Amino acid sequence: METMCYYIHALTALHAGTGQGVGVIDLPIAREKSTGLPIVPGSGIKGVLREELNPSNAGADDLQPCEDSDGNTKETEQCWEALFGPTAQDAEKGGFAGALNIQDAQLLCLPVRSVYGVFAWVTCPFILERYRRDSKQIVGTSPDWGMPCLEDGEKAWVTDDSKIDEKEKVFLEDLDFDVLKNNGNVNTLADKIAATIFPKDDTWQRFFKERFMIISDNVFSFLAETATEVRARIKLKEGTRTVEKGALWYEENLPAETLLWGMIGCDRSRSENHTGTAKDLMKHFQEQIGAEKGLQIGGNATVGRGRVRWIPGEERG
């Protein structure tokens, strides 16, 4: 199986929800059961990519037939069908599993409001260890950065170029931290993530390194619950422009500038119309997706949610 890493950079608030909530928030975002950390389900990402890369009717309903005007299926469309599986109509005739396996996008850095530098891209040792484990699995060797030690919840690592600290203090929301600097691993890690998420963009690479911050696992877990964005929505009564009775609800979103990472696996084709290997199909997928792609992921697209940058990452054959 071919594998590669992918990254998501949220340009607007992102609502990848779970449906009805049971708490104060009516429509919460999806979270990992074991950790409670926010995720974007891989099923949703796969659906978006399926529609976006549909060669017969790009950007439109993926139930459109993948045939030319003569009723013949083209090579590109055969690859697309082998990657994502047949349409609902074709599946009833003789279905097969698509070759593409898109895993959930995991939280890498959460943007949190800061007194200095506007906001900080915050992460923690637990998340970085998982990121390190996935990176090692893909590239086959350990990443060239080590994990900075951090157990004290009142301290935080920042880079040597940090713009979010003042007088050896960082202030996030209503929390304050003592600053730790001059750690080569922190600087190397910030350089690596910046170059991956913002390739060939020196300005945003600098912005990231100036705002990168590592806090303890316990404090990060608290921020992952409380620093997400909650918006109130209402429905107006037609004709009166007043709020309908009971039509007030609250939606949770991942805030703009959130960074996530995930993994993609690609197996051989299982389609009778296409005999491509895993390597062939992964190459086709990468050619179609390009160096970077703008996508809309999650719900509430018509009110401006879910605009993201989708960035391909490291790969292994």
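1. W310 is buried, with a relative accessible area of 0%. Here buried means under 20% relative accessible area, exposed over 50%, and partly exposed in between, using a 1.4 Å probe and protein chains only. Y6 is also buried, again at 0%.

2. This is a predicted model: local features need pLDDT of at least 70, side-chain atom pairs count only at pLDDT 80 or more, and totals for chains, interfaces and linings use all residues. Residues are numbered from 1 along each chain as its sequence is written, and side-chain values use heavy atoms, with hydrogens and water left out.

3. The whole structure holds 13 aromatic pairs. Rings of Phe, Tyr and Trp (its six-membered ring) pair if their centres lie within 6.5 Å; planes under 30 degrees apart are stacked, over 60 edge-to-face, the rest tilted. Y6 and W310 are stacked, at 5.5 Å centre to centre and 10° between the planes. Y6 sits in strand β1 (residues 2-10) and W310 in strand β15 (residues 307-316), 304 residues apart. Strands (E, at least two residues) are DSSP runs, numbered from the N terminus.

4. Y116 and F171 make a tilted pair, 6.4 Å centre to centre with 55° between the planes. Y116 lies in the loop between β4 (105-113) and β5 (119-123), F171 in strand β8 (residues 169-172), so the pair ties together parts 55 residues apart in sequence. Y116 is partly exposed at 31%. F171 is partly exposed too, at 28%.

5. One aromatic cluster includes F119, W121 and F207. R211 lies over the face of F207, 5.2 Å from the ring centre. The criterion: NZ of Lys or CZ of Arg within 6 Å of the ring centre and within 35 degrees of the ring normal.

Terms used: Helix = DSSP H or I, 4+ residues; strand = E, 2+ residues; numbered from the N terminus.
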